[in-house]
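The sequence and model are shown first.

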Amino acid sequence: MDADALITAAVAAVRGSDVRDAERKLDLLVVGGGPAGVGDDGGPAAVDAALRDRLVAALARLWPRGWQPTDVARIVTRRLGARPGRLLADALAADRAARPGPVPQWWDDQLTSLDARFRGDDDAGRAGREGTDRITALRDGVEMLALLTGLPPVAVLRPPPGGSGGATGSGPSGSRVLDRVRALLAKAESTTFPAEAEAFTGKAQELIARHSLEQALVEATAAHPDRPGGIRIGTDAPYAGAKALLVQEVATANRCESVWSDDLGFATVLGFPADLAAVELLHTSLLVQATAAMLRGRRERRGGGRRTRAYDEAFLHAFAQRIGERLRAATEEASRQATAAAGPDRLLPVLAARSDAVRERMDTLFPGATRARLNVRDVEGWQSGTAAADRASLAGDAPANRPLPGRR
């Protein structure tokens, strides 16, 4: 049996329900079909090369279907764990090396963030097995191949390398503004005083909102204005629903739309480039703040620091909602000031047109999006989460349900 047939049989067995059959097929793959196969088309060296080629081919089929390198890395870690990451990085590097033409800068930036550096044919297989033996690496490779070939299409947010079609927005501008925002958010993350954290975060949102309004006015008269694009933000367990709610609240405050794909472990945020950059920055910081506040609240709660899932979920839901209210208030205040300065006849039509463009993009990419409900079952957790987001206002009873754009 040749190497490709051995791999096909192993992948099919891994997908099946017969554990013993899967083990037999994997054993055959390890020895390359047995002693008779060593040195021919089914030998171990041929199996290693064929598996690498199959992984690269599987990745190449995913790019036109909307997946990006960081998306693939996220789903591999989510489904298979952290160990196959090195093998995936080698496959991504081999895919990149096989592309004759230039690729978008954002693509190479994602590969760099994943440490996907091409090492040459002789080292590619060994690099994937750093810290593991060959048997483990082969098993990881087969499981990864089974996963990659079974992934569904997702929304195409940006044309992949070699793809056609116009860009959906240029990179974020205003780096000095974003640098100031990062500095404020770093202070918010480092303080142990909730009111101080809120003040820093609120100031960051004000800067973001003003920058977004300035960008909107500039883009309205540009020869080639930006168009709505998209990003994906991970929402892994635990408390994936609460994390998705935080994404939604931050997105809404920054004139973006969010759709949660809970089965794939991410939320897709659609909006204009400067707003998307703001959402990424704010969400990352607020998730750190929310987690730290939840741990403090758990220690302070009645009965000590015993962890309960209901408490933690309610805490994070309340934190997300209250923070969303504060961010929206900051955005609305910045809008009022900008409207007074620029005049309502100038700014309001621009904002309305941008909102329409984002909603149109949303309807095009997610025509079947539905709304899911996130249940809150712990009043104490809700109250503590609200207090952590805004010490000046304590919530009473927790609402029973919270709608969220959800599963596709």
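Is T235 buried or exposed, and what is its relative accessibility? T235 counts as buried, at 0% relative accessibility, where buried means under 20% relative accessible area, exposed over 50% and partly exposed in between, computed with a 1.4 Å probe on protein chains only.

## Basis of the model

The model is predicted, so that local features need pLDDT of at least 70 and side-chain atom pairs count only at pLDDT 80 or more, while totals for chains, interfaces and linings use all residues. Residues are numbered from 1 along each chain as its sequence is written, and side-chain values use heavy atoms, with hydrogens and water left out.

## Surroundings of T235

T235 sits in the loop between strand 1 and helix 11; helices (H or I, at least four residues) and strands (E, at least two) are DSSP runs, numbered from the N terminus. Its side chain makes a polar contact of 3.1 Å with the side chain of W260, and the T235 side chain also reaches the backbone nitrogen of F266 at 3.4 Å. A polar contact is a pair of N or O atoms within 3.5 Å; within protein, one must be able to donate a hydrogen and the other to accept it, and residues adjacent in sequence count only if both atoms are side-chain atoms.

Leaving aside residues up to four places away in sequence, T235 touches R78, A240, K243, A244, V247, W260, G265, F266 and A267, contact being defined as heavy atoms within 4.5 Å.

R255 lies in the loop between helix 11 and strand 2 (257–261). Its phi is near 60°, a positive value in a residue other than glycine, and R255 is partly exposed, with a relative accessible area of 26%.

## Helix 5

Helix 5 (residues 85–97) has 13 residues and spans 18 Å from its first C-alpha to its last, close to the 18 Å expected at 1.5 Å a residue; the expected span is 1.5 Å times one less than the number of residues. This helix is mostly covered, with 10 of its 13 residues buried, among them R86, D90 and D95.
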